[in-house]
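Subject: Structure for you to look at

Hello,

Here is the structure I said I would pass on. Please open it next to this email and follow along.

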Amino acid sequence: MRLNSLFQKMHERAPRLGKAVSLATATGVIVGNSFAGSIPIWLMGATKIMTGADIADKTVIKIANYWINSNNALIDTILPKKDWRISLPDDVNIDGQYLLVSNHQSWVDTSIVQYISENRLPLTRFFTKFELIYIPIVGQTFYFLDFPMMRRHSKQAVAKNPALAGKDIIEAKRACGLLKDKPFTLLNYLEGTRFTIKKRKAQQSPYTHLLKPRAGGLALAINALGDEIDGILDMTIVYPDGVPSYGDLWQGNIKRLGVDVRHIEIPNKLLVSLKNGGYEKDKATKEQMFAWVEQLWLEKDKRIAMMLAEFDD
């Protein structure tokens with residue numbers, strides 16, 4: 001508390017200095033923890049891959065949670081006073097298994113998911129490109145933590161080698177399957193990319209605050225994990241003062257933030273079909289899934305407008 005008070009006074013009396021010190025502190029702690037954790041991550045991750053030892057898997061998760069919780073402690077300690085309005089269901093469980101869909105505006109979004117999840121939701125994973133595995137520390141950590149890593153093949157590559165068709169989906173299902181016996185929150189940004197006005201106009205998106213959603217990733221996850229999940233969650237995140245950069249977070253520039261997480265239900269008939277792989281082989285199921293996602297996005301677009309208006313009241 002004393003350290004928090006010191007940072008608060010610095011931000012109030014010398015804002016520019018406060019921002020610089022907060023950013024430098026965050027950078028030092030995050031980089032230091034990343035390097036300090038890299039060796040244990042590698043050792044335990046390699047042990048997990050070679051032996052399948054449960055203790056190695058749990059240790060990798062503990063190291064990842066320590067890294068995330070350290071970042072969360074920084075948010076609570078070094079940033080100035082903030083108006084962050086966060087709402088989560090009371091019945092979520094840190095030992096549960098959840099699919100989480102969300103709108104996507106900034107690199108900060110994932111850090112906010114980790115912040116609101118502490119002691120409430122399991123470790124967050126998300127679909128990522130397999131090529132990230134070559135990024136030192138980060139890529140290997142994703143792999144050891146069973147992030148579903150997608151190998152995407154271009155239409156040209158598939159045309160040259162038809163055997164590649166469907167390989168990315170098979171691999172993604174295999175990766176999702178690794179989560180079946182452990183707690184998880186599998187995050188899916190349905191828009192597929194970060195929202196910008198330019199992208200919305202280029203897409204001719206029918207939504208004011210959102211890009212057009214994609215249904216394939218969520219359908220794939222339901223097919224791979226449907227019988228395991230405890231629920232599907234929908235997160236809506238807003239930044240009333242404008243979309244921030246990652247640096248803005250650690251300088252304390254995100255004074256106002258809104259996050260709303262709630263349960264959502266897929267019609268049972270559609271859910272059963274998705275679990276059985278209907279999205280890939282049944283045109284009617286795909287159409288129903290798109291209709292459901294579009295309705296979800298229509299409601300989210302209205303919710304974003306309401307959440308933004310509440311900050312101006």
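Below are my notes, starting with the sheet and ending with a loop. Please keep in mind that this is a predicted model.

The sheet

Six strands make up an open sheet, in the order E1-E8-E7-E2-E6-E3, and their pairing is mixed. Strand E1 (83–87) and strand E3 (124–126) are at the edges with a single partner strand each, so one side of each has no neighbour in the sheet. On average, neighbouring strands of this sheet are turned by 25° against each other, direction ignored. As background, strands of a sheet pair through backbone hydrogen bonds, in either a parallel or an antiparallel way.

Phe126 stands opposite Leu187 in E6.

Strand E7

E7 has two partners to look at. With strand E2 (residues 97–102), E7 pairs in the parallel sense over five bridges. Val101 has Asp234 in E7 as its bridge partner. With strand E8 (residues 256–264), E7 pairs in the antiparallel sense over seven bridges. Here Leu233 stands opposite His263 in E8.

Is E7 buried or exposed? Eight of the eight residues of E7 (residues 231–238) are buried, so the strand is largely enclosed by the rest of the structure. In a regular strand, side chains alternate between the two faces of the sheet. In E7 both faces are covered: Gly231, Leu233, Met235 and Ile237 are buried on one side, and Ile232, Asp234, Thr236 and Val238 are buried on the other.

The helices

Helix H13 (residues 283–312) lies across E1, E2, E7 and E8, and runs at about 40° to E7.

Helix H4 (residues 108–117) is mostly covered, with ten of its ten residues buried. Among them are Asp109, Gln114 and Tyr115. Just after H4 comes Asn119, which takes a positive phi of about 65°.

The loop at Gly52

Where is Gly52? Gly52 is in the loop between helix H2 (15–51) and helix H3 (54–78). Its relative accessibility is 55%, and over 50% is the cut-off for exposed, so Gly52 counts as exposed. Gly52 and Asn268 are 216 residues apart along the chain, and their C-alpha atoms are separated by 36 Å.

Regards

Note on methods: Residues are numbered from 1 along each chain as its sequence is written. This is a predicted model: local features need pLDDT of at least 70, side-chain atom pairs count only at pLDDT 80 or more; totals for chains, interfaces and linings use all residues. Side-chain values use heavy atoms; hydrogens and water are left out. Buried means under 20% relative accessible area, exposed over 50%, partly exposed in between (1.4 Å probe, protein chains only). Helices (H or I, at least four residues) and strands (E, at least two) are DSSP runs, numbered from the N terminus. Two strands pair if DSSP finds at least two bridges between them. Axes are lines fitted to C-alpha atoms, for helices over the stretch in contact, and angles run from 0 to 180 degrees between N-to-C directions. Contact means heavy atoms within 4.5 Å.
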